[in-house]
Amino acid sequence: MISLSQGEGNSKREWSLKDFEIGKPLGKGKFGRVYLAREVKSKYIVALKIIFKEQLEKYRIHHQLRREMEIQTSLRHPNILLLLGWFHDSVRIFLILEFAYGGELYNELRKHGHLSEEQAATYIVSLTTALAYCHEKHVIHRDIKPENLLLDHEGILCYEFLYGAPPFESESQSDTFKRIMKVDLSFPSTPNVSMEAKNLISLLLVKDSSKRLSLQKIMEHPWIVKNANPKGIGKK
Ligand code: AMP
């Protein structure tokens, strides 16, 4: 990554599409496609996100993108992917992102149905340390979805890791929303999940955010202490 790193000292450099060999598509987001790419000189592997300027206009997200780019360039944490640089042409913006070698966690989840308590606790610790770092830097992650506005991300994730499905899933979107509003939480009998894990989830999925467990308290929770594998923490 160091060879590609920009924005530090006087090493700023201008990138263009000619600097990269484009590989397979990695995925598609709301505003663009992401491709595996290799920087020609260093052979460094990155993920190249391509956003069409027309889409920026259409959804009026210039400021949001700019802010996210500033944030992602300034954060340095082992669990946060770095934005290494960017460039543009007349129609597109290209974001050079650190490549996530592990792939998507949701694919892991889909493949295995659910995660083990050790894996789940280890991911929760990785996420918690990354969130704590963002809070320190006064960057608050806000994903505007009803469940994220109402409830804690980590409680939902922890549930989904262990059970393979989100906690308030229902037949229809409006029923899901009703369950979220009521914090209608129930634990299926399978897979078998420990009482300590259920206790942590219950402490995270509370409506009143002032009563929700702090990041520090998550790290001290007995289920985390017992299950999180220190060797797995800090790996993207
Ligand atoms: P996004 O627009 O950021 O949601 O990205 C769309 C999809 O592209 C994601 O769901 C990932 O599958 C893939 N992707 C995005 N960024 C990266 C990255 N840095 N490394 C590997 N895959 C990525």
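**Entry 1. Terms and overall make-up**

I start with a term: a strand is a DSSP run of E with at least two residues, and strands are numbered from the N terminus. The model I am looking at is predicted. I counted ten helices and five strands in the chain. The chain has 236 residues, and 37% of them are buried. I then looked at contacts with a separation of 6 or more, and 60% of these join residues 24 or more positions apart.

**Entry 2. Before strand 1**

I looked up Ser-16 and found it in the segment before strand 1. Is Ser-16 buried, exposed or partly exposed? Its relative accessibility is 27%, so it counts as partly exposed. I also checked a distance: the C-alpha atom of Ser-16 lies 8.3 Å from that of Asp-89, although the two residues are 73 apart along the chain.

I followed one pairing in detail. Strand 4 pairs with strand 5 (residues 92–98) in the antiparallel sense, over five bridges. Opposite Gly-85 I found Ile-96 of strand 5.

**Entry 3. Aromatic rings**

I counted eight aromatic pairs. How are the rings of Phe-20 and Phe-87 arranged? Their centres are 5.9 Å apart and their planes are at 10 degrees, so this pair is stacked. Phe-20 sits in strand 1 and Phe-87 in strand 4, 67 residues apart, so the pair links distant parts of the chain. Phe-20 counts as buried at 6% relative accessibility, and Phe-87 is buried with a relative accessible area of 5%.

Phe-87 has another partner, Phe-94: the ring centres are 4.6 Å apart and the planes are at 15 degrees, so this pair is stacked too. Both Phe-87 and Phe-94 are buried. I noted one aromatic cluster that holds Trp-15, Phe-20, Phe-87 and Phe-94.

**Entry 4. Nonpolar cores**

I turned to the largest nonpolar core, which has 29 residues. Which of its residues touch the most other members? They are Ile-124, Phe-161, Leu-162, Ile-218, Trp-223 and Ile-224. At least two core residues come from each of helix 4 (117–136), helix 6 (153–163), helix 8 (195–204), helix 9 (215–220) and helix 10 (222–227). Helix 6 gives the most, with seven residues.

I listed what Leu-162 touches, leaving out residues up to four places away in sequence. Among them are His-114, Ala-120, Pro-191, Ile-201 and Trp-223. There is also a second, separate core of twelve residues, and its members include Ala-47, Leu-83, Ile-93 and Leu-97.

**Entry 5. A loop residue and the cysteines**

Ile-80 is in the loop between helix 2 (62–74) and strand 4. The C-alpha atoms of Ile-80 and Ala-130 are separated by 6.7 Å, while the residues are 50 apart along the chain.

How many disulfides does the structure hold? I found zero. I looked at two cysteines anyway. Cys-134 has a relative accessible area of 12% and is buried, and Cys-158 counts as buried at 1% relative accessibility.

**Entry 6. Backbone exceptions**

Lys-43 is not a glycine, yet its phi is positive, about 65 degrees. It lies in the loop between strand 2 (32–39) and strand 3 (45–52). Its relative accessibility is 49%, so Lys-43 counts as partly exposed.

Arg-60 also has a positive phi, near 50 degrees. I found Arg-60 in the loop between helix 1 (53–59) and helix 2. Is Arg-60 buried or exposed? At 74% relative accessibility, it counts as exposed.

Last, I looked up a peptide bond. The one from Thr-190 to Pro-191 is cis, with omega near -10 degrees. Pro-191 belongs to the loop between helix 7 (173–182) and helix 8, and it is one of the residues that Leu-162 touches.

Key: Residues are numbered from 1 along each chain as its sequence is written. This is a predicted model: local features need pLDDT of at least 70, side-chain atom pairs count only at pLDDT 80 or more; totals for chains, interfaces and linings use all residues. Side-chain values use heavy atoms; hydrogens and water are left out. Two strands pair if DSSP finds at least two bridges between them. Helices (H or I, at least four residues) and strands (E, at least two) are DSSP runs, numbered from the N terminus. A nonpolar core is a set of buried Ala, Val, Leu, Ile, Met, Phe, Trp, Tyr and Cys residues joined through side-chain atoms within 4.5 Å. Buried means under 20% relative accessible area, exposed over 50%, partly exposed in between (1.4 Å probe, protein chains only). Contact means heavy atoms within 4.5 Å. A disulfide is a pair of cysteine sulfur atoms within 2.5 Å. Rings of Phe, Tyr and Trp (its six-membered ring) pair if their centres lie within 6.5 Å; planes under 30 degrees apart count as stacked, over 60 as edge-to-face and the rest as tilted.
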